[in-house]
Amino acid sequence: MSSHYTLADLVLRFGGTVQGDAQTQVSQIASLLQADEQELSFLTNEKLRGQLASSRAAAFILAPNMADATDKPRIISANPYAYFARVSALFNPPPESEPGIGPGAIVHPTAQLGADVRIASNAVIERDVVIGEGARVGAGAVIGAGTVIGNQALIYANVTIYHRCVIGDRVILHSGCVIGSDGFGLALEAGRWIKIPQIGRVVIGDDVEIGANTTVDRGALDDTLIHDGVKLDNLIQIAHNVHIGAHTAIAACAGIAGSAHIGAHCTLGGASMIFGHIEIADHVNISTNTLITKSLPKAGTYTSATPFVEHSVWLKNSVHMRHLDSMAKRLRALEKKLEAQEKD
Amino acid sequence: MSSHYTLADLVLRFGGTVQGDAQTQVSQIASLLQADEQELSFLTNEKLRGQLASSRAAAFILAPNMADATDKPRIISANPYAYFARVSALFNPPPESEPGIGPGAIVHPTAQLGADVRIASNAVIERDVVIGEGARVGAGAVIGAGTVIGNQALIYANVTIYHRCVIGDRVILHSGCVIGSDGFGLALEAGRWIKIPQIGRVVIGDDVEIGANTTVDRGALDDTLIHDGVKLDNLIQIAHNVHIGAHTAIAACAGIAGSAHIGAHCTLGGASMIFGHIEIADHVNISTNTLITKSLPKAGTYTSATPFVEHSVWLKNSVHMRHLDSMAKRLRALEKKLEAQEKD
Amino acid sequence: MSSHYTLADLVLRFGGTVQGDAQTQVSQIASLLQADEQELSFLTNEKLRGQLASSRAAAFILAPNMADATDKPRIISANPYAYFARVSALFNPPPESEPGIGPGAIVHPTAQLGADVRIASNAVIERDVVIGEGARVGAGAVIGAGTVIGNQALIYANVTIYHRCVIGDRVILHSGCVIGSDGFGLALEAGRWIKIPQIGRVVIGDDVEIGANTTVDRGALDDTLIHDGVKLDNLIQIAHNVHIGAHTAIAACAGIAGSAHIGAHCTLGGASMIFGHIEIADHVNISTNTLITKSLPKAGTYTSATPFVEHSVWLKNSVHMRHLDSMAKRLRALEKKLEAQEKD
């Protein structure tokens, strides 16, 4: 927490150029309004230029077109927001965990732990698990039999991973997320549901982050696949046999039904819902609260949300939503009458 | 994993008839495209007939009308998908758990455990719990005081069951699900919320399966009831005093508000939401993303989702949703004018 | 469970007046239909007056205008529902927990525990945690390093609280909820997401209750704030830097995006979704399934849900939702034609 870096140190690590005194020392990064005289701040939105003028920060990260907006020392970067992310990671590593295996943790004798693996108190590592170098498992987390966890993975407290899953390097799993639970596979027979065993796995690539209480079901016969660099927010449902392409980001409360394949570099808004067995192309953006019912073969932005209004207005309008077809027919009938008049 | 069965063995267990060599051995079940020469596959959709021809599988499960679609050995069944489910369960039992009580598990001395109960590492079984024969409790799961769990129940890791609940035979509870938390019962007094103690229970019938991170609240005064054979997917909210009728299936991200009574043999789509204090008849189907605001006394399918479009199109259309009442009035005014013209 | 109180005892504690025999003893509170001859019941809805007549209850809680609706002993209160809540809390305290520190619980030697703190089996209390007097931590719960928990807080089993959070007095956290997980902060660079460290905290006021499997993310730079008396139901997502004003109640499955500020005394319906970076005034009510995309500076009720219909009707109507702009233009064209006719 008390580490200090000069602006010269930072550009050596992360690129960019310094204007003003490159020996200026900073000890933390903060927003324009919160930064104190020993901290670095950043401007990512020209509308906040007024805050720049009044900020107490020692120095700033600015885009080239804002290079002259202050006289204080500054780092010029083409992407100040990404630069901020890197500097912040330098000042703010993940919370320290105790080395070794904590009290109460149960590690099966067949498990293989890489160098510097840290297992917190009361975690459970089942038979034949393999955990890569430098990975950390939080308190109360449970890693099912035969699962493989990559190097430097960060598994927070009370995560559950079922048997035989594969988790890539540097993956971050937040508390309460569940990886590898059974997909919702049922066959109907005489009015009763027969469970279909879910014998696929979940395979998660490198640099994936999965939010708190998100669920990723294992495949029915084949695997559920989350590719490299995917970022999932909290409380998301990923059903069995879904594929999520690399570097796609999904906001909280979204749901992806079984066997949907989402492309790479997509963004899905909060509470968006995706039907099963459809294909979504790369570079698709889905808006918040939008339901996608068909494949989307073309990049673009798609939306289905209904605009909100005051409830009294909604009461008047919503009744007509049940009668749009009748309105359309009445409109057509009027057009025909007028066309007929015009012909007369 | 290395068990083998002949087709004759399978029809002896599960019915159906064999065409071709009944002594053909199979060692696993797989999709048409993935099956190898020692595996059984199945056809549930006539559109996949092309895959049948090219499949390497040793044998197939087929419906009677497809009996001649291959020359390879085959089992003929009226419901190939249900047949597949049963065969798959034979080849793929749930993951083995260690017998007895695992290290670090805390079992209160007053708890009663049936024969062959298996309690995994670091699970907690509180005072006066009763667990039926052959039931399994996963690592880190917590079973609250006085709860009763049926025979052969399968409670996965990190499940939480509160005090005094009742869980039927063969129930499966997936990781992170919470059974018996307090319902959202509040009384307003002078602008502040007073908590209403939730003193009912959750009572779950036989053969119910509940998905990862789904929550089922205990009743306020009476009980929350989940009847036999109900199947709940992941991340579903079941509020206090809800009743869910037998053999109803609910997809992920759905929410059922307090005291709603859902009939038997219903299906509720993903992210469907059901108002409180309403009654839904047996054999109702609710579509994905649909909000049900009133009782549904008749079987049928009900929908309220809004269709998606490209965002640029949505921008043009959505503005009119706020003005439907005005459009309807203007339409009526035009009709009256034309009617008046016609009378002239 | 076997405690008895006279009506006189109750009005001494909670106010109101008795009509009839004030020495009538009651041993529990129950609904009109379920109450037996030793129980107290209550009427909060005049429509249930018929149930009052047939109820077996020993006594009732009634509003002043219903004081004469029965001859049995009764407590008259201006707010029978709030009165019921208080009486029920007297008869039904939270489930007892064992005193002291349970077997298998791991409490870091630097943690400070107030008087009568109860830590259940296999819970984990990390470095530098401070827990106030009379607080209870359930089995398997994990409290991260440096977190401070108020007096009489009730943390249920398998809750996870990350490092450095602040939890107020008498807060109730239900199982599976996650407090202080990282917010979804990402910077895009060359098609890849760079994680932005989340270095703020979650700060929760007094008398807050948070439901099962709800997630509250820590702030990116500043803190996420949940003010006094807020009540959150199950499976709710609270993103980073959200503020929720005092005594606001939010129903299950809702989601609040990053940096949204919700006022005090609001109610948000189930599955409501709130955009990020907006401000919602005090005393706003958001309907179930409603998406709020802009700031709401005025108290009131706001709605965007789409009404449901039978699926066959929906099929006919929904197609027109994609063509509302064209319908509006055709309507305007007709109006112009008729206006032109009238001018002629």
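The structure is a predicted model.

**The contact between chains B and C**

- Chain B contributes 59 residues to the contact, and chain C contributes 60 residues.
- Several elements of chain B each supply at least two residues of the side that touches chain C, among them strand E19 (178–181), strand E37 (300–303), H4 and helix H5 (324–343).
- The largest share of that side, five residues, comes from H5(B).
- Sorted by class, the side of chain B that touches chain C holds 27 nonpolar, 23 polar and nine charged residues.

**Helix against helix**

- Helix H4 (residues 311–321) of chain B and helix H5 (residues 324–343) of chain C have axes that come within 7 Å and cross at roughly 65 degrees.
- On H4(B) the contact is made by B:Lys316, B:Asn317, B:His320 and B:Met321, and on H5(C) by C:Leu324, C:Asp325 and C:Ala328.
- The residues of this contact comprise three nonpolar, two polar and two charged.

**Strands that pair across the chains**

- E37(B) runs antiparallel to strand E38 (residues 309–310) of chain C, and two bridges join them.
- Within this region, B:Tyr302 stands opposite C:Glu310 in E38(C).

**The open sheet of chain B**

- Nine strands of chain B form an open sheet with parallel pairing, in the order E8-E11-E14-E17-E22-E25-E28-E31-E34.
- Strand E8 (112–113) and strand E34 (279–280) are the edge strands, each pairing on one side only.
- E8(B) pairs with strand E11 (residues 130–131) of chain B in the parallel sense over two bridges, and the bridge partner of B:Gln112 in E11(B) is B:Val130.

Methods: Residues numbered from 1 in each chain as written. Chains lettered and ligands numbered in written order. Predicted model: local features only at pLDDT ≥ 70, side-chain atom pairs only at ≥ 80, totals over all residues. Axes fitted to C-alpha atoms, helices over the stretch in contact; angles between N-to-C directions. Helix = DSSP H or I, 4+ residues; strand = E, 2+ residues; numbered from the N terminus. Contact = placed C-beta atoms within 7 Å. Nonpolar A, V, L, I, M, F, W, Y, C, P; charged D, E, K, R; others polar. Pairing = 2+ DSSP bridges.
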